[in-house]
Amino acid sequence: MPIVVFHKGGQTYTEEVKENTNLVVRAGIKQFPYPHLRYECGMGKCAKCACRVLAGAEHLPPVNWKEKKQLGDRIEQGYRLACQLWLNSDIELVQDQE
Amino acid sequence: MAELMNRDEFRTALENAIKGKSANASPFSIAWAEGKLSREHLARWAENHYHYVGPFADYLGYLYARTPDSYTEAKDFLLANMYEEEIGGDRHTDLLIRFAEACGTTRERVVDPDNMSPTTRGLQSWCYAVAMREDPIVAVAGLVVGLESQVPSIYRKQTPTLREKYGFTDEEVEFFDLHIVSDEIHGERGYQIVLEHANTVELQQRCLKICEIGAQMRLLYTTALYNDYVQKEISLPELGLAA
């Protein structure tokens, strides 16, 4: 099962999750990475859930059209929208403070 | 004699109750998946679907009001679902109308209740009746677990087809894309409420029953779409089904 390492505000949170996990879905039912992961619309429109992937990006699906639209140049810096990602392998990501 | 199930057993039982009458088996869904529907057929689908899913926040609103104050987290989950359905991002029904317009119909036709079939009216009425009259936990099982939680698996199959076989653009099919994420959250919230609060044998059995009925209602609805709008042009044998 994938291990998720999530950094936010200088803190690190780590947990094993089930295969095919979406972190925004998890946060939506108040499970890890709740309450640390910021998100809002859950539909790839607001980009509040944007995170920079530090490790494991190579296992993610290609950037989709919503991510291209919302993230623009930030994609080159490694940003992805957490709401658009179903995780099947280990990943390490950081979310900027607002 | 049924026994009280633990959370894992109960979740599996709920999932099985939903699978039994999946709408994926209806001729309309099969024709959709095979790319055999015309844009006119899809327009009729959108004109009906609007009246089923459009009032979803209304259904949940009735349910929210009847859920006991002590079920704070359950109420918060329902409220979050309502917010996300309507104003968390784009209004979901606006995206449905965008798809409908791409199929050649108009906003005016979509929102006009005279354009839904009697069966769609029946499904909508059933949703209102469940929201207003059932035990709130049983109602969550019927509407959120039984109906809403099915949506991601359905749309996960239908969305690539809409792009690849029907030639719609990403923006035109956004209604389907967003539901893969948001309805997964909503469905999971529904499961959490039901698993937490259906804590007697009787409540668990009623939840299972209403999931079965919800799946039957959805199958009835999609089957009627085929009968009302498609049957004259695409026969059952053309879909590999017995006439």
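Mentor: Start with exposure: a residue is buried under 20% relative accessible area, exposed over 50%, and partly exposed in between (1.4 Å probe, protein chains only). A:Lys48 is partly exposed, with a relative accessible area of 28%.

Trainee: What kind of model is this?

Mentor: This is a predicted model: local features need pLDDT of at least 70, side-chain atom pairs count only at pLDDT 80 or more, and totals for chains, interfaces and linings use all residues. Residues are numbered from 1 along each chain as its sequence is written, chains are lettered from A and ligands numbered from 1 in the order written, and side-chain values use heavy atoms, without hydrogens and water.

Trainee: How many residues does the contact take from chain B and from chain A?

Mentor: Contact means heavy atoms within 4.5 Å. Chain B gives 25 residues and chain A gives 19 residues.

Trainee: What area is buried between chain B and chain A?

Mentor: The size of an interface is often given as the accessible area lost when the parts come together. Buried area here is summed over both parts (1.4 Å probe). Between chain B and chain A it is about 1,800 Å². Carbon and sulfur atoms give 60% of that area. In chain B, the most area is lost to chain A by B:Glu174, B:Val181 and B:Ile185, together 28% of what that side buries.

Trainee: How many salt bridges are counted between chain B and chain A?

Mentor: A salt bridge needs a side-chain nitrogen of Lys or Arg within 4 Å of a carboxyl oxygen of Asp or Glu. The count between chain B and chain A is five. One cross-chain case joins A:Lys66 and B:Glu174, at 3.9 Å from N to O.

Trainee: Which elements give two or more residues to the side of chain B that touches chain A?

Mentor: Polar contacts first. The rule takes a pair of N or O atoms within 3.5 Å; within protein, one must be able to donate a hydrogen and the other to accept it, and residues adjacent in sequence count only if both atoms are side-chain atoms. Four residue pairs across the interface meet the rule, both residues at pLDDT 80 or more. The elements on the chain B side are α5 (72-86), α6 (92-102), α10 (151-164) and α11 (174-197). The largest share, 11 residues, comes from α11(B). By class, this side has seven nonpolar, five polar and 13 charged residues. Elements are DSSP runs numbered from the N terminus: helices (H or I) of at least four residues, strands (E) of at least two. Charged means Asp, Glu, Lys and Arg; nonpolar means Ala, Val, Leu, Ile, Met, Phe, Trp, Tyr, Cys and Pro; the others, Gly among them, are polar.

Trainee: Where does the pair of B:Asp90 and A:Lys45 cross between chains?

Mentor: Their side chains meet in a salt bridge at 2.8 Å, N to O. B:Asp90 is in the loop between α5 and α6 of chain B, and A:Lys45 is in the loop between α1 (23-28) and β3 (50-55) of chain A. B:Asp90 is partly exposed at 25% relative accessibility. A:Lys45 is partly exposed too, at 23%. A network of salt bridges links A:Lys45, A:Lys66, B:Asp90, B:Arg98 and B:Glu174.

Trainee: What separates B:Lys209 and B:Glu212 in helix α12?

Mentor: About one helical turn, because they are three residues apart in α12 (residues 201-230) of chain B.

Trainee: Which residues have the most contacts inside the largest nonpolar core?

Mentor: In soluble globular proteins, nonpolar side chains tend to be buried together. A core joins buried Ala, Val, Leu, Ile, Met, Phe, Trp, Tyr and Cys residues through side-chain atoms within 4.5 Å. The largest has 107 residues, with B:Trp45 and B:Leu143 having the most contacts inside it. Beyond neighbours within four places in sequence, B:Leu143 is in contact with residues including B:Phe56, B:Trp126 and B:Val130.

Trainee: Which peptide bonds are cis?

Mentor: Most residues other than glycine have a negative phi, and most peptide bonds are trans. A cis bond joins A:Phe32 and A:Pro33, with omega about 10°. Another runs from A:Tyr34 to A:Pro35, with omega near 0°. A:Pro33 is in the loop between α1 and β3 of chain A. A:Ala47 is also in the loop between α1 and β3. Phi of A:Ala47 is positive, near 65°, and this residue is buried at 15% relative accessibility.

Note on methods. Buried area = accessible area lost by both parts, 1.4 Å probe.
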